[in-house]
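Hi,

Here is the structure I promised to pass on to you. Have a look at it first, and then read on for what turned up.

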Amino acid sequence: MAEIIEVFEFFDSDGSGSLNVQEFWSCCTGIGLVLSEEEAQETFNQLDVSGDAMISIDEFSVWMADRLTQPSHTQEDVGESFHVLNEWP
């Protein structure tokens, strides 16, 4: 969970405590999930269960936990991505 929070906070560029669609799209790209603008918006809308046009840490955590358990990504792969992101300027 600490790594998920770390990624969330890294991409929460305005420090609002939530991700807008642009921050979410940057996050997806940063973790190696390349989405078109439309795909990012669609995923964002699905994750925004509160309907406030922002993704909270709770909404993000559910999504990231799901991403961590997908067969195409091992926990080690995702963990390595987090470490690489942590080293970005």
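Helices here are DSSP runs of H or I with at least four residues, strands are runs of E with at least two, and both are numbered from the N terminus. With that in hand, the order of elements in the protein, starting at the N terminus, is α-β-α-α-β-α-α. That gives five helices and two strands. Please keep in mind that this is a predicted model.

The protein has 89 residues, and 36% of them are buried. If you take the contacts between residues at least 6 apart in sequence, 54% of them join residues at least 24 apart.

Now to the aromatic side chains. Ring centres within 6.5 Å count as a pair, and the protein has five aromatic pairs by that rule. One of them is Phe60 with Trp63, a tilted pair with 5.8 Å from centre to centre and 50° between the planes. Both residues belong to helix H4, which covers residues 57-68, and they sit three residues apart, about one turn of the helix. Phe60 and Trp63 are also both buried.

Best wishes

Note on methods
Residues are numbered from 1 along each chain as its sequence is written. This is a predicted model: local features need pLDDT of at least 70, side-chain atom pairs count only at pLDDT 80 or more; totals for chains, interfaces and linings use all residues. Side-chain values use heavy atoms; hydrogens and water are left out. Buried means under 20% relative accessible area, exposed over 50%, partly exposed in between (1.4 Å probe, protein chains only). Contact means heavy atoms within 4.5 Å. Rings of Phe, Tyr and Trp (its six-membered ring) pair if their centres lie within 6.5 Å; planes under 30 degrees apart count as stacked, over 60 as edge-to-face and the rest as tilted.
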